Amino acid sequence: MDSQVLVALALSLVGGLSTSIGAILVILNPTPNLKMLGLLQGFAAGLMLSISFLDLAHNAINSIGFLKGNLWFFSGVIFFAVIANFIPEPSLAPVPNKKDKKKNGDEGGKDIMKKHRRQVLYSGIVTAIGISLHNFPEGMAVFLGSMKGLRVGVNLALAIALHNIPEGVAVALPVYFATQSKWQAFKLATLSGFAEPLGVIIVAYLFPSNLNPEILEGLLGAVGGVMAFLTLHEMLPLAFEYAGQKQSIKAVFLGMAFMSASLYFLEISLPKEMSL
């Protein structure tokens with residue numbers, strides 16, 4: 001593997017394995033703070049929107065022209081819309097509290113509770129599969145961003161990592177409830193994140209390292225479309241649901257400001273050959 005692939009692989013590991021952080025949050029506190037998760041989703045949405053419109057799509061239009069840049073951007077939107085149509089983004093599964101468990105027990109509901117645990121475990125496994133399939137194109141995005149330069153790859157990985165923490169919670173929460181096993185919850189949430197580095201490895205062998213610059217810019221424009229759709233279709237609605245519209249909007253603009261600042265400081269701190 002050349003250095004670009006190794007960098008992309010390392011960045012995708014950081015992004016993918018942040019699902020483990022979500023699992024740790026569940027293990028430490030089985031009743032997650034939904035408002036905090038919503039604010040985190042809003043902040044990550046701001047990062048994504050900033051990358052998508054102010055960096056990837058903007059650079060694609062400037063490099064290959066308005067028409068081609070927009071065609072690539074909306075091809076990315078359509079690509080991820082098709083994926084989302086067949087594999088919807090999973091949300092947090094409702095987990096009964098202790099009062100519900102006691103109530104079920106009083107009704108002679110041991111069999112009911114056992115059946116409910118199986119259903120919740122199944123939902124956790126389905127969630128893990130769905131997240132894995134969602135994470136695969138995110139790994140592709142990190143790889144293509146890293147081919148453009150370290151700045152793009154690092155910022156994409158950061159935004160995706162923040163987005164993946166609630167996904168780790170969504171996997172670990174039902175699994176922990178159903179199995180009462182911290183290890184099983186952590187293991188399944190962590191494994192769901194491995195789809196990102198897997199996406200890097202596969203795409204690294206599909207795209208040559210000397211890819212035509214115009215095609216690379218177009219692909220990055222398409223990545224911008226993927227990020228925009230993911231943000232507006234999935235992340236913002238979850239942020240509004242968990243944290244409320246006003247607080248989520250504040251988190252979005254905070255994320256955009258943070259990303260703009262990080263783009264600036266990375267630009268002035270990295271060597272010229274790595275800054276683009």
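These legends walk through several close-up views of one predicted protein chain.

The model is a prediction, so local features need pLDDT of at least 70 and side-chain atom pairs count only at pLDDT 80 or more, while totals for chains, interfaces and linings use all residues. Residues are numbered from 1 along each chain as its sequence is written, and side-chain values use heavy atoms, with hydrogens and water left out.

**View 1**
Count them up and you get 11 helices and 0 strands. Here helices (H or I, at least four residues) and strands (E, at least two) are DSSP runs, numbered from the N terminus. Of the 276 residues, 50% count as buried; buried means under 20% relative accessible area, exposed means over 50%, and partly exposed is in between (1.4 Å probe, protein chains only). Now take contacts, meaning heavy atoms within 4.5 Å. Among those between residues at least 6 apart in sequence, 88% join residues at least 24 apart.

An unreviewed UniProt entry annotates "transmembrane region" at several places, including residues 156-176 and 219-240. The positions use the numbering used here, feature names are shortened, and annotations may be inferred rather than shown by experiment. In the model, residues 156-176 are 100% helix and 0% strand, with their end C-alpha atoms 30 Å apart. For residues 219-240 the chain is likewise 100% helix and 0% strand, and the end C-alpha atoms are 30 Å apart.

**View 1. Here is the largest nonpolar core.**
A nonpolar core is a set of buried Ala, Val, Leu, Ile, Met, Phe, Trp, Tyr and Cys residues joined through side-chain atoms within 4.5 Å. The largest one has 46 residues, and those with the most contacts inside it are Met 48, Leu 56, Phe 143, Leu 144, Leu 156, Val 223 and Met 227. Which helix gives the largest share of this core? That would be α10, with 11 residues. Zoom in on Leu 56: leaving aside neighbours within four places in sequence, its contacts include Val 152, Leu 156, Leu 220 and Val 223. There is also a second, separate core of 13 residues, and Leu 37, Ala 128, Val 171 and Ala 189 are among them.

**View 2. Helices α3 and α7 pack against each other.**
Two packed helices are described by the angle between their axes and the distance between the axes. The axes are lines fitted to C-alpha atoms, for helices over the stretch in contact, and angles run from 0 to 180 degrees between N-to-C directions. For α3 and α7, the angle is about 150° and the axes are 9 Å apart. The two helices are therefore roughly antiparallel to each other (angles under 35 degrees count as roughly parallel, over 145 as roughly antiparallel, 65 to 115 as roughly perpendicular and the rest as oblique). Their crossing is left-handed, which is the name used if the near helix is turned anticlockwise from the far one by less than a right angle; clockwise makes a crossing right-handed. Residues that meet here include Leu 40, Ala 44 and Met 48 in α3, and Leu 156, Ala 159 and His 163 in α7.

Skip the neighbours within four places in sequence, and Gln 41 is in contact with His 163, Pro 166, Met 235, Leu 238 and Ala 239.

**View 3. Helix α7 also meets α8.**
The axes of α7 and α8 (residues 182-193) come within 8 Å and cross at roughly 150°. That makes α7 roughly antiparallel to α8. This crossing is right-handed. Among the residues that meet are Gly 168, Val 171 and Val 175 in α7, and Ala 185, Leu 188 and Ala 189 in α8.

Leu 71 lies in α4 and is exposed, with a relative accessible area of 55%.

**View 4. Ser 20 is tucked into the model.**
Ser 20 is found in helix α2 (residues 19-28) and counts as buried, at 9% relative accessibility. Beyond its neighbours within four places in sequence, Ser 20 is in contact with Phe 186 and Thr 190.
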